[in-house]
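Visitor: Could you walk me through this one, term by term where needed?

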Amino acid sequence: TLQQQFNAFVLKNEQAEYEREGIEWSFIAFEENQDVLDLIDKRGQGILSLLDDQCRAPGPSDKAFLLQVYKACNGHSRFSVSRQQEADNQFAIQH
C-alpha cells in the first residue's frame, strides 16, 4: 500500500543516509499496519466497503451499517466494541 511504500522509501532511506553520513540518531522501528488498513479499506470486506454497500441498499440506516460492521469485524484483533460503545453506536480500531 501507499503507506508501506512511503515508510520504505522515505523513512528507511533517510535512516540509511544518516548511517552513511555518520550522523548520530536512534533507530525508529516502523510497525507493519497492513491489517489495520485492510480492516478499514479492503475491497469487499473493509469498513468503507461495508459503508458503500449500505449506502446503495434501499433504506440505509446508521444502525444497519453498524450491525453489519459488528458482524463482519467481530474477532479482528484490531477491532473492538464494548457494550457501552454498541449502545452508543460506536466502535474502536486499535492502530
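Guide: A residue is called buried under 20% relative accessible area, exposed over 50% and partly exposed in between (1.4 Å probe, protein chains only). This is a predicted model, in which local features need pLDDT of at least 70 and side-chain atom pairs count only at pLDDT 80 or more, while totals for chains, interfaces and linings use all residues. Residues are numbered from 1 along each chain as its sequence is written, and side-chain values use heavy atoms, with hydrogens and water left out.

Visitor: Fine. Is Leu 2 buried or exposed, then?

Guide: Leu 2 counts as exposed, because its relative accessibility is 67%. Leu 2 belongs to helix H1, where helices (H or I, at least four residues) and strands (E, at least two) are DSSP runs numbered from the N terminus.

Visitor: What radius of gyration does the protein have?

Guide: The protein has 19 Å, whereas a compact globule of 95 residues would be near 12 Å; the radius is taken over C-alpha atoms, and the globule rule is 2.2 Å times the number of residues to the power 0.38. Along the principal axes, the C-alpha trace spans about 60 × 30 × 20 Å, and 19% of the 95 residues count as buried.

Visitor: Changing topic, how many salt bridges are there?

Guide: A search of the whole structure gives two salt bridges, each being a side-chain nitrogen of Lys or Arg within 4 Å of a carboxyl oxygen of Asp or Glu. In one of them the side chains of Asp 35 and Arg 78 meet at 3.1 Å, N to O. That pair links distant parts of the chain, with Asp 35 in helix H2 (residues 34-41) and Arg 78, 43 residues away, in the loop between helix H4 (62-73) and S1.

Visitor: Are those two buried or exposed, or something in between?

Guide: Asp 35 is partly exposed because its relative accessible area is 27%, while Arg 78, at 13%, is buried.

Visitor: Which residue does Asp 53 form a salt bridge with?

Guide: Asp 53 pairs with Arg 56, the closest N and O atoms being 3.5 Å apart. Both are in helix H3 (residues 47-56), three residues apart, so about one helical turn separates them. Asp 53 is partly exposed at 35% relative accessibility, and Arg 56 is exposed with a relative accessible area of 64%.

Visitor: How many aromatic pairs does the structure hold?

Guide: The structure holds one aromatic pair, meaning Phe, Tyr or Trp rings (the six-membered ring for Trp) with centres within 6.5 Å, whose planes count as stacked under 30 degrees apart, edge-to-face over 60 and tilted otherwise. The rings of Phe 79 and Phe 91 have centres 5.3 Å apart and planes at 35°, so the pair is tilted. Because Phe 79 lies in strand S1 (residues 79-80) and Phe 91 in the loop between helix H5 (83-87) and strand S2 (92-93), the pair ties together parts twelve residues apart in sequence.

Visitor: Is Phe 79 buried or exposed?

Guide: Phe 79 is buried, with 7% relative accessibility, whereas Phe 91, at 26%, is partly exposed.
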